[in-house]
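Open the model in your viewer, keep the sequence panel beside it, and let us walk through it one selection at a time.

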Amino acid sequence: MTCKEETMRARFTSLTLATTLMAGLLGTTTIAQADDIDGRQIYDDSCARCHDGGRGPQRGSERWEQRLEDGETSLLYTHAIEGFRGMPARGGNDALSDAEVKAAVDHLVAPVEDE
Ligand code: HEC
């Protein structure tokens, strides 16, 4: 095993531990977002055509601020994964994992989250 592989394995193990802990805390079995998932890319590919195109709530709109204030982040994740009214499950892209959809949600709400 090369040195790099060992480092990655160690990183993966601690990530798995952290994930297990977080999943326990949140009471869910879903896998938390891994470092190598690019929420922006997923968003651009699978979500932007609606959420930057006038169909869904727009990225950075005040609506997200309200939802985050209400502590509904996990509900947003669930709705994005399972679908919600006009929102297709996983944005219509079944190939996305839960973690990838969540990363895309994070990107969707990021502009108001930063304020
Ligand atoms: C076909 C268009 C379309 C695509 C593609 C799409 N969405 Fe949506 N999305 C919507 C619409 C419309 C709503 C508003 C649903 C409503 O409130 O009736 C919505 C709502 C949402 C919500 C809010 C749910 C809530 O609880 O209010 C989230 C979060 C979301 N989308 C995330 C995503 C993510 C992440 C992606 C990409 C993986 C995505 N969407 C792709 C149309 C789309």
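Helices here are DSSP runs of H or I with at least four residues, strands are runs of E with at least two, and both are numbered from the N terminus. With a cartoon drawn, you will find six helices and zero strands in the chain, so the pattern along the sequence reads α-α-α-α-α-α.

Two notes before you click. Residue numbers start from 1 along each chain as its sequence is written. The model is predicted: local features need pLDDT of at least 70, side-chain atom pairs count only at pLDDT 80 or more, and totals for chains, interfaces and linings use all residues.

**Stop 1: the whole chain**

Colour by burial. A residue is buried if 20 or more other C-beta atoms lie within 10 Å of its own, exposed if 12 or fewer, and partly exposed in between, with C-beta atoms placed from the backbone. Buried residues make up 20% of the 115 residues in the chain. Next, turn to contacts, meaning pairs whose C-beta atoms, placed from the backbone, lie within 7 Å. Among contacts between residues at least 6 apart in sequence, 65% join residues at least 24 apart.

**Stop 2: helix 5 and helix 6**

Select residues 73-82 for helix 5 and 98-113 for helix 6. Axes are lines fitted to C-alpha atoms, for helices over the stretch in contact, and angles run from 0 to 180 degrees between N-to-C directions. These two axes come within 9 Å and cross at roughly 120°. Helix 5 and helix 6 are therefore oblique to each other; the scale counts angles under 35 degrees as roughly parallel, over 145 as roughly antiparallel, 65 to 115 as roughly perpendicular and the rest as oblique.

Now show side chains. From helix 5, L76, Y77, A80 and I81 meet D98, V101, K102 and V105 of helix 6. By class, this contact has six nonpolar, no polar and two charged residues. For the classes, Ala, Val, Leu, Ile, Met, Phe, Trp, Tyr, Cys and Pro count as nonpolar, Asp, Glu, Lys and Arg as charged, and the others, Gly among them, as polar.

**Stop 3: helix 4 against helix 6**

W64, E65 and L68 in helix 4 meet V109, V112 and E113 in helix 6. That contact divides into four nonpolar, no polar and two charged residues.

**Stop 4: A103**

Staying in helix 6, pick A103. Is A103 buried or exposed? A103 counts as buried because it has 22 C-beta neighbours inside 10 Å.

**Stop 5: the loop between helix 5 and helix 6**

Select R85 and R90, both placed in this loop. Neither is a glycine, yet R85 has a positive phi of about 50° and R90 one of about 55°. R85 is exposed, with 7 other C-beta atoms within 10 Å, whereas R90 is buried, with 21.

**Stop 6: around the ligand**

Which of the 25 residues around the ligand come nearest? They are C47, C50, G56, G86 and G91. Helix 3 (48-51), helix 5 and helix 6 each give two or more residues to this shell. The shell divides into 14 nonpolar, seven polar and four charged residues.

Terms used:
Two residues are in contact if their C-beta atoms, placed from the backbone, lie within 7 Å. A residue is near a molecule or strand if its C-beta atom, placed from the backbone, lies within 6 Å of it.
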